Structures are given as structure tokens and as C-alpha cells.
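Please consult the sequence and the model while reading.

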Amino acid sequence: MKKIRIAVAGAGLIGRRHIELLQASAECELAAIVDPLPATAAFAESLGVPLYAELETLLAEQRPDGVILATPNHLHVEGALACVAHAVPTLIEKPVAHTLDEGKRLLAVAERAGAKLLVGHHRAHSAILEKAREVIAEGMLGNLVAVMGSALFYKPDDYFDAAPWRREAGGGPVLINMIHEIGNLRSLCGEIVAVQAQASSATRGFAVEDTVSISLRFASGALGTFLLSDTAACARSWEQTARENHDYPSYADEDCYVLAGTQGSLSIPSMRLKYYEQREQRSWWKPFETGVASLEEADPLARQLAHFCQVIRGEVQPRVTVRDGLRNLLIVEAISEAARTGQIVSTEQL
């Protein structure tokens with residue numbers, strides 16, 4: 001089978017990770033790199049691929065089978081619109097847009113054109129979440145009642161020294177980190193219809209939040225709580241428990257989510273189950289049956305690339321659409337609004 005030719009726009013950290021995966025793939029290959037920085041020239045030459053300073057020039061001179069947009073956030077929409085105009089399937093790194101209005105502009109154009117756009121919420125391709133969805137679908141938990149989640153980790157001082165904007169509004173864990181968690185929770189528990197939150201900057205004293213307590217209401221009626229902090233010396237975060245990104249140390253005795261239903265509970269990512277075999281056995285006086293849902297480790301970014309190839313070939317619809325990516329962004333912005341106003345904020349607008 002002829003390899004699918006994919007260009008990568010943006011040669012930063014995530015762009016280079018996509019390039020590594022393209023080089024390792026048996027079904028696709030790197031067609032070109034788009035990046036305006038002169039230092040990228042030597043990198044592109046070492047890979048034996050052409051380098052373009054602008055995406056429009058690439059699209060005019062050669063039409064790759066697909067494009068991965070790993071550019072800065074504020075360039076995502078314009079880059080995606082250019083690819084839509086040339087009918088080139090595109091993987092847009094998250095967030096899908098830097099503002100809701102820009103995201104809605106892209107959504108309208110993409111849906112009108114029937115464009116093949118996949119948003120890079122790569123955890124949607126996680127083997128852990130896939131297994132968790134199977135457990136839920138099989139009814140082992142019964143009807144979902146509650147979810148407890150956390151993303152507690154410590155960002156070192158040099159993280160902020162390298163990019164001082166991270167100390168200002170918009171640079172905190174709500175807009176940078178919580179969007180990943182929202183995608184996870186929606187895939188597991190269904191749509192989030194309302195949020196409430198409290199934020200604090202007491203630990204670091206920056207203009208931006210460092211810790212947030214969040215309440216969630218799902219369309220099913222289930223409720224959730226989520227603790228988020230980038231100044232907590234704790235391992236209860238996805239990165240430090242899922243073992244999907246080996247750049248982070250991991251701790252097998254920790255979980256970052258617990259889903260509880262009327263029949264049982266599931267801890268993620270350890271996949272530990274506690275459940276009642278029979279409905280009539282349910283009582284806090286009765287012991288649970290216990291077990292661990294088995295799964296195989298897999299790189300969600302590699303699985304996402306394989307899925308993108310299927311999207312390019314027209315074999316499947318994008319797992320994470322522009323509308324999905326926009327809903328994640330909307331909910332994250334609603335959390336910021338709820339923390340600022342102290343009000344319950346509806347997230348049913350989109």
C-alpha cells in the first residue's frame with residue numbers, strides 16, 4: 001500500500017513528536033515541514049524533506065494527503081481554514097482555537113465543507129480510557145452516580161521563568177491543563193451541562209490561579225468533583241499515573257479518577273474494580289467483589305496517528321471533531337467564569 005504523505009506545520013516539541021511517529025509508521029510518511037524559524041532548516045535537511053516558511057506556500061506547491069497543525073494556538077484556526085480551502089484532511093493540535101468565537105468560525109466553515117478535521121485531544125485514543133468505557137458499557141458499575149477526579153502536580157519555578165506569561169491570567173492550570181481532563185471526563189461520563197468553581201492563588205501569589213476546586217453536573221444527573229493544582233506535591237494526575245508519557249515518573253499505587261455507580265466503582269488508571277455481583281447484595285455492610293480490568297499499554301499519540309490515517313482514507317469519521325474540541329474549550333472557559341463570579345455556569349450553549 002502506498003504510504004500516506006503527511007506534512008507537519010510547527011517544529012516545536014509536539015511537532016517533533018509527531019514527526020518521530022511519522023518516521024516510525026508503516027502506513028504514512030513525512031512529506032514536508034512548515035516552520036518560519038531559520039533554525040529548522042538544518043532539522044528538515046537532516047530528515048531529507050522540504051521546508052516551507054508558510055503553510056499556504058506548501059499547499060500551493062504540493063498537496064500532501066494530510067497536514068498536522070502543531071503551530072502556536074493562535075494560528076490553529078487560520079491554518080485549519082487554509083487546509084479546508086484546499087480540501088486537505090487536517091489534525092489540529094488542541095486547543096482547536098484560541099477563542100470560542102474563532103472556534104465557532106472554523107466550525108461553521110468545516111461543517112459546511114464536510115471537511116476531514118481531527119482535533120488532537122490524544123487521550124481520546126488512550127487504551128486506558130477505551131477499557132474504562134468498555135467496563136461502563138458492560139454495566140459493571142450500574143448507573144453512574146458520581147466521579148471524583150484530580151490533576152495535582154508541582155510545576156517547578158523554571159517552568160514560569162521560561163515563559164513569564166504563565167504567571168498571568170490565562171496562563172494557569174485551568175486553561176492549560178484542565179482541557180485534557182474535560183475531554184477525558186466527557187468521554188467517560190457523558191456531557192457536562194453545568195459547572196461551579198473556586199480558585200486560589202494563595203500559594204504562589206501570581207495573578208493567575210494555582211489551585212481550583214470544581215463541581216460538575218453531567219447530563220445523566222451524575223455529579224462530579226475535581227481538584228486541580230500546579231503547586232501541589234502530589235502524584236494524583238494523569239501524567240504521573242497513566243504511564244503513557246514516559247517523560248514523567250509514574251506511581252502504580254495512585255489513581256486520578258474514581259467512577260462510582262449504583263453497582264460498583266472503577267479507579268483509573270489502575271483499573272481496580274469493586275462491585276456487587278447481585279443487586280440484592282448491595283449494602284455497605286456487605287463486602288465487594290474485587291478485580292482489575294486488564295489492558296495493554298499503548299501510546300495514544302501513535303494510536304491517534306493511525307486513526308488520522310483512517311480519516312484521510314475515508315474509512316472512519318474523526319473521533320474528536322471540531323465541535324467536540326470546541327465543547328472542551330467552552331467548558332474550560334465556563335470553569336474560569338464560575339471561579340470568577342461564584343455562580344453556577346451552564347455549558348449547554350453549543
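## Helices and the sheet

Helix α2 (residues 40–47) lies across β2 and β3 and runs at about 155° to β2. Helices (H or I, at least four residues) and strands (E, at least two) are DSSP runs, numbered from the N terminus. Axes are lines fitted to C-alpha atoms, for helices over the stretch in contact, and angles run from 0 to 180 degrees between N-to-C directions.

The model is predicted: local features need pLDDT of at least 70, side-chain atom pairs count only at pLDDT 80 or more, and totals for chains, interfaces and linings use all residues. Residues are numbered from 1 along each chain as its sequence is written, and side-chain values use heavy atoms, with hydrogens and water left out.

Six strands form an open sheet in the order β3-β2-β1-β4-β5-β6, with parallel pairing; two strands pair if DSSP finds at least two bridges between them. At the edges are β3 (51–52) and β6 (117–120), each pairing on one side only. Helix α1 (residues 13–24) packs on this sheet and touches β1, β2 (28–34), β4 and β5 (90–93), contact meaning heavy atoms within 4.5 Å. Strands β1 (residues 4–9) and β4 (residues 66–69) run parallel, joined by four bridges, and V8 stands opposite I68 in β4.

## Residue Q196

Q196 belongs to strand β8 (residues 192–200). Its relative accessibility is 33%, so Q196 counts as partly exposed (between buried, under 20% relative accessible area, and exposed, over 50%; 1.4 Å probe, protein chains only).

The C-alpha atoms of Q196 and A338 are separated by 5.2 Å, although these residues are 142 residues apart along the chain. Beyond neighbours within four places in sequence, Q196 has contacts including S213, I214, A338 and Q343.
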